[in-house]
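I opened the notebook to record what I looked up in this structure, entry by entry. The model goes in first, and my notes follow.

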Amino acid sequence: MSTLLLKNVRLEEAFEHDNEHIVATRTAIYDVLIEDGQVKKVDKNIVVSEDVEVLDAQHQLLVPSFREMHIHIDKTYFGGEWQAPRPITKGILTRIEEEQTLLPKQLPTAAYRAEEMVKWLIAQGHTHIRSHCNVDPQIGTKHIEITKQVLEKYKEQITYDIVAFPQHGLLRSNVEGLIREAMTMGATLVGGVDPSIVDRNIEKSLQTTMQIAQDYNTGIDIHIHTANTLGEFEFYKLIDLTKQAKKEGQVTISHAMALADLAQPQLENLVHAMASVQMDVTTTVPIGINRSTIPIPYLYEKGVKVSVGHDSLTDHWSPYGTGNTITKLNVMAERFRFMDEYSLSRAWKYASGGITPLNDEGERVWPKAGDVANMLLVDGVSTAHVVARRCPISTVISQGKIIHQQEVGELKGEYR
């Protein structure tokens, strides 16, 4: 039996009010006892035997760890020499054509760079990683093999999903057979990309994707960048297929850009339909001129769960990824004007699989006995403070084990 005692951790206890407004978060110092990967006890001054591992948190804040729900560890410049992306001239097709020669050239370094990315994501507080993994005619299923090999190496530290991802188009590149092979090799989800733009056949592309998911009894994570009403049309087709296949709660749309374009009545109807099949969305929180941010808080309020991901750290698609989810939440909070203690504290759920220390009513719901001990120690006084001021992480704990640690005295928050 493995046991870890966290001494002197700061836990959120309740919201503090000034008349009708929440103005602060009340915290107190506790001990947290962890046994066999789960929280055993939360109390003051817990006493254990001398052979138990003890970590003095020195009044750091204990918060739920992060889930990286959209990343491509298989194709990255991270860990290699600096290289900026080349100019785009044909939209997504520019990158597809580029990958036909680039990815085979990167195969000798793919495993090393993927592992460097995994180590970085762990250091940034992630205990789960969902990686989309190219399956295409040029590299076949080699990236699936590499990705699984790397992630399995860290299976004692993280959990993971591997999405068999036909980046060059399921139909366009004729890779249905390769996707099926990828599923037998250990991919856990079926991917897809822009049925209208890339495959040019919405019905057949989505039907084939769903059929593979049915045949291998798994879920779907499909990238749909398509804007406006064409994207809306693709969403409704996928919703219908989800109902027919009884895949409720097993389908994710990544990016989902059309949700940022629709007028309110259209958006409301579509979101209601998505919620009816428990469809969720993953976003990178784009803020550029050409990519509007989807209405994240509205979606969540209407029953469509939203998770954040980084997509990349640096690769031939984008040079901007950081892997720092606290910074990602900070950007999201500023974009949607989360200015007060309450709204800032609610941001955490978008990166933690919905877990927050306090529920919406201000009752402490985490950590409690029986919870999986996936948690972070952060040099902050509340989740609101951490999100707003980008406070640094000192310790990452996965299933009750310390998997990354940095001395408190070395920490330097970006803005204290």
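Which residues does Val48 touch, not counting residues up to four places away in sequence? I found Leu5, Leu33 and Val54, taking contact to mean heavy atoms within 4.5 Å.

**Entry 1: ground rules.** I note that this is a predicted model, in which local features need pLDDT of at least 70 and side-chain atom pairs count only at pLDDT 80 or more, while totals for chains, interfaces and linings use all residues. Residues are numbered from 1 along each chain as its sequence is written, and side-chain values use heavy atoms, with hydrogens and water left out.

**Entry 2: Val48.** I placed Val48 in the loop between strand S3 (38–43) and strand S4 (53–56), where helices (H or I, at least four residues) and strands (E, at least two) are DSSP runs numbered from the N terminus. Its relative accessibility of 27% makes Val48 partly exposed; on this scale buried means under 20% relative accessible area, exposed means over 50%, and partly exposed lies in between (1.4 Å probe, protein chains only). I also looked up Val48 against Thr3, which is 45 residues away in sequence and 9.6 Å away in space, C-alpha to C-alpha.

**Entry 3: the whole chain.** I counted the secondary structure as 11 helices and 16 strands. The radius of gyration is 22 Å, close to the 22 Å that the globule rule gives for 416 residues, so the chain is as compact as a globular protein of that length; the radius is taken over C-alpha atoms, and the rule is 2.2 Å times the number of residues to the power 0.38. Along its principal axes the C-alpha trace spans about 60 × 50 × 40 Å. Of the 416 residues, 56% count as buried, and among contacts with a separation of 6 or more, 75% are between residues 24 or more positions apart.

I then noted an accessible surface of about 18,000 Å², with 47% of it belonging to carbon and sulfur atoms; these areas come from the Shrake-Rupley method with a 1.4 Å probe. For charge, I recorded 42 positive and 54 negative side chains, the centres of the two sets lying 3 Å apart. Here Lys and Arg count as positive and Asp and Glu as negative, with His and the chain ends not counted, and each charge is placed at NZ of Lys, CZ of Arg, CG of Asp or CD of Glu.

Entry 4: Is His70 buried or exposed? I found His70 in strand S6 (residues 66–71), and at 1% relative accessibility His70 counts as buried. The side chain of His70 makes a polar contact of 3.0 Å with the side chain of Ser254; such a contact is a pair of N or O atoms within 3.5 Å, and within protein one must be able to donate a hydrogen and the other to accept it, while residues adjacent in sequence count only if both atoms are side-chain atoms. Beyond four places in sequence, the residues that His70 touches include Arg130, His132, His223, His255 and Asp311.

His255 is in the loop between strand S11 (251–254) and helix H7 (264–276). I noted a positive phi of about 75° there, although His255 is not a glycine, and at 3% relative accessibility His255 counts as buried.

**Entry 5: Val118.** Val118 sits in helix H1 (residues 92–123) and is buried, with a relative accessible area of 0%. Leaving aside neighbours within four places in sequence, I listed its contacts as Ile73, Ile129, Val150, Leu151, Tyr154 and Ile158.

Entry 6: How many of the 11 residues of H9 are buried? I found eight in this mostly covered helix (residues 325–335), among them Ile326, Leu329 and Met332. Asn324 caps the N-terminal end of H9, a side-chain oxygen lying 3.1 Å from the backbone nitrogen of Ile326, and H9 is followed by Arg337, whose phi is positive, near 55°.

Last, I looked up the cis peptide bond that joins Trp366 and Pro367, with omega about -5°. Pro367 lies in the loop between helix H10 (341–346) and strand S14 (375–378).
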